[in-house]
Amino acid sequence: MGLPTHFLIAFFTIQQLRKTTKDNPDFPEVDLYLHIGWYATIGLIAGGYIFNIEQAATIGMMLISFAAMYQIHTTAAFQPYRYIIGIAGPYLGVSLLAQLIRFIAPDFYKSIDMFVEGFILITFVWGWANWSSMRKQQKALEEERKKREAEQENNRLISAQRDELEYLVSERTAELTKQKEELERALNELKTTQAQLIQREKMASLGELTAGIAHEIQNPLNFVNNFSEVSVELLDELEEERRKDTSSRDEGLEDEILSDLRQNLEKISHHGHRADSIVRGMMEHSRTSNGEKRPTDLNALTDEYMKLAYHGLRAKDKSFNAQLFTKYAENIGEIYLAPQEIGRVLINLFSNAFYALQEKQRNANGPVVFQPSLKVSTQLENGKVVLRIKDNGTGIPQEIINKIYQPFFTTKPTGQGTGLGLSLSYDIITKGHGGDIKVESVEGMGTTFEISLPKT
Amino acid sequence: MKILVVDDETDVKALFEQRFRREIRNGDISFAFAHSGEAALEVLQDHVSEFVLILSDINMPGMSGLELLRRIRSTYPVAPPKVMMLTAYGDDENYNQAMQYGANDFLTKPLDFSLLKEKLKQTL
């Protein structure tokens, strides 16, 4: 022990301190001293063994160590190295004290050298233990630090991933919002288009009726015109009579003319109202949906629309003729329904039936004469009102019978059918009235539509 | 001269009676009215010889005017009454059919009464 130990202490301490001072412009002097001290330690250990002056070299080494310790103690920058004082200080102090005693009182020293040697050994062991426990602590701290760093790195990665995810989510959310808005806009457009199509379909079915309605209006109008004209003639006659002498005046005739005039005015008013109610009905049909339900005479409603549809077709195709058979059950009473809506269903069904009859008549050139016929009936069945419309027209081919309620499906030539008639009819009966609509058809033989509506 | 008017519109009666009030008052013309083809045939059954002229609408519920014309022509081939057809649909189809069945004349609605009176004068 002795010299090598002190060399290691001095050498190691200087080595440590120079880490701070080397090439550091703040400590040019300190670094120079340390540099010299460093060479001195090497010189001392080499000289000590070569010239056999171990003891003096040891004391020199101690002094260098003390100087270094003093620097550590006084310089703030060396704060991290203060532990060296804790480890090596006691050993250094006791060793120096022992050397001093040995130098001043060698005899006294000899009497206590065993004790001093032991004490030095204790401080050495203490320093050693201190150092190794500190290293252990440092290692643990280092590991803890590394662990924490790894954790931090991990957290950083996680947060980076989270940021990225959040960015993706917000990006996707924006995309979805945009899509949603686009879909909403498309939906609105579709709703508008649907409303327009329904209105167009109404107008189309109104077109089918126009000729029939015109025919229905023509009759009352003729009466209005005729009764007005004849009334003017009557007035002429009345005036003529009144210009005569009182003696030759026929008062009975005057009274008769006056009563005829009153009657004519009543007739004009009556037929005016008749035309009015037809126009009103037509307007009601074309009006945007007013699906208000009220107790309705289904028989009368059916009959009215059947006639309108029939006259409508007759007005367009004079050669068309059909036998109409009706059998209305009186016991069905009034049914709670929306007359406008059911009216539209009826127009569709009647128009289709007459169309099928017309087509078959047009193509009939066989030996058997084709007599178009339409049978309409109402009946009470199991608490439901059942309306049947049966024609002996062209019928519906089996392969398309399932498609007839699809929107825009039509077999009519382009421009003649909207393809919405039956689709809307289906909705009106099932969704609008909780009823049912069924079809039975044999191609070439005819078609029967059956509508059942709840009685209440 | 007795004329049978066949039309499903009941107010035709009042109209004719006023349009021809002078003629009726003077006893030149008298009218009978039927509101359907079936009713017209019934009236004719007993009194066909009384009627000089039958004026019939074509579009009527039940028996049409054309059918009535056909029956009149087949039922009374001897001393046939004159038959004039009236219709709102003044188309060739109806006209040809009426002529084929033996109508004496064909008038369209709205009826021109001065024209009708003119034709009646010629007929008599």
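I'll start with some housekeeping, then take chain A, and then chain B.

So, this is a predicted model: local features need pLDDT of at least 70 and side-chain atom pairs count only at pLDDT 80 or more, while totals for chains, interfaces and linings use all residues. Residues are numbered from 1 along each chain as its sequence is written, chains are lettered from A and ligands numbered from 1 in the order in which they are written, and side-chain values use heavy atoms, with hydrogens and water left out.

Chain A, then. UniProt, in an unreviewed entry, puts a "transmembrane region" at residues 32–51, 84–105 and 112–129. Those positions are in the numbering used here, feature names are shortened, and annotations may be inferred rather than shown by experiment. Residues 32–51 of chain A come out 95% helix and 0% strand, with the end C-alpha atoms 27 Å apart. For residues 112–129 of chain A, that's 100% helix, 0% strand and 25 Å. Helices here are DSSP runs (H or I, at least four residues), strands are E runs of at least two, and both are numbered from the N terminus.

The unreviewed entry also has a "coiled-coil region" at residues 133–203 of chain A. That span is 100% helix and 0% strand, and its end C-alpha atoms sit 101 Å apart.

You'll find A:N52 in the loop between α2 (28–50) and α3 (54–74) of chain A. A:N52 counts as exposed because its relative accessibility is 62%; the cut-offs are under 20% for buried, over 50% for exposed and partly exposed in between, with a 1.4 Å probe and protein chains only.

Over to chain B, which has 6 helices and 5 strands, running β-α-α-β-α-β-α-β-α-β-α along the sequence. How does its radius of gyration fit a compact globule? A 124-residue globule would be near 14 Å, and chain B has 13 Å, which agrees. That's over C-alpha atoms, and the rule is 2.2 Å times the number of residues to the power 0.38. Buried residues make up 50% of chain B.

Two loops to check. B:A79, between α4 (65–75) and β4 (82–87) of chain B, also isn't glycine and has a positive phi near 50°. And the B:K109 to B:P110 peptide bond is cis, omega near -5°, with B:P110 in the loop between β5 (105–108) and α6 (113–123) of chain B.
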